[in-house]
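Me: I would like to learn how to read a model like this one. Please take it feature by feature, and give the rule behind each term.

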Amino acid sequence: GKTEVAKMLATLYWLLGDLTLGHTCRWVGADICAPFSGQTAAKVKWALAQARGGVLFLDEAHDLATNQKDGFGPEALHTLNG
């Protein structure tokens, strides 16, 4: 249901004129983490570029904050926070 809500919100914001495209890009939090240090930021930026004009939906995003052992989750969160 979360993905469907994200899609509905993207459509609503597009209809209101707040988004230029109104699409939804869905990623699982682990999908934007790279296997080597320094590569995660590039994957996050790529995901953001794909979502530009729409909504970036990170399913299971809590894994980024709770998976501290490899450091890639915090790197992804730091990149998202700009």
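**Reading the model**

Reply: Start with one side chain: W27 has a relative accessibility of 21%, so it counts as partly exposed. The label means a relative accessible area between the buried class (under 20%) and the exposed class (over 50%), with a 1.4 Å probe and protein chains only. This is a predicted model: local features need pLDDT of at least 70, side-chain atom pairs count only at pLDDT 80 or more, and totals for chains, interfaces and linings use all residues. Residues are numbered from 1 along each chain as its sequence is written, and side-chain values use heavy atoms, without hydrogens and water.

Me: How many helices and strands does the protein chain have?

Reply: Four helices and two strands. These are DSSP runs numbered from the N terminus, with helices as H or I of at least four residues and strands as E of at least two. In sequence order the pattern is α-β-α-β-α-α. Along the principal axes, the C-alpha atoms fill a box of roughly 40 × 25 × 15 Å, and 30% of the 82 residues are buried.

Me: In which sense do strand 1 and strand 2 pair?

Reply: Strands pair if DSSP finds at least two bridges between them. Here strand 1 (residues 24–28) and strand 2 (residues 55–59) are joined by five bridges in the parallel sense. Within the pairing, C25 faces L56 of strand 2. Together with helix 2 (residues 40–51), the two strands make a right-handed β-α-β unit. With the strands pointing away from the viewer, right-handed means that the path from the first strand over the helix to the second runs clockwise.

Me: Which residues form an aromatic pair?

Reply: A pair of rings is described by the distance of the centres and the angle of the planes. Rings of Phe, Tyr and Trp (its six-membered ring) pair if their centres lie within 6.5 Å; planes under 30 degrees apart are stacked, over 60 edge-to-face, and the rest tilted. The count here is one aromatic pair. It is W27 with W46, edge-to-face, at 5.4 Å centre to centre and 70° between the planes. Since W27 belongs to strand 1 and W46 to helix 2, the pair ties together parts that are 19 residues apart in sequence. W46 is partly exposed, at 47% relative accessible area.

Me: Which residues make up the largest nonpolar core?

Reply: In soluble globular proteins, nonpolar side chains tend to be buried together. A nonpolar core is a set of buried Ala, Val, Leu, Ile, Met, Phe, Trp, Tyr and Cys residues joined through side-chain atoms within 4.5 Å. The largest has eight: I32, C33, V44, A47, L58, L64, F72 and A76. Helix 2 and helix 4 are the elements that give two or more residues to this core. Neighbours within four places in sequence aside, A47 is in contact (heavy atoms within 4.5 Å) with W27, I32 and L56.

Me: Which residues of helix 4 are buried?

Reply: In helix 4 (residues 72–80) they are F72, G73, E75, A76 and T79. Viewed down the helix axis they fall within an arc of 160°, so they line one face; the arc is taken over the directions from the axis to the C-beta atoms. They pack against helix 2 and helix 3 (62–66).

Me: Where does a residue other than glycine have a positive phi?

Reply: At E60, with phi near 60°. E60 sits in the loop between strand 2 and helix 3 and is partly exposed at 32%.
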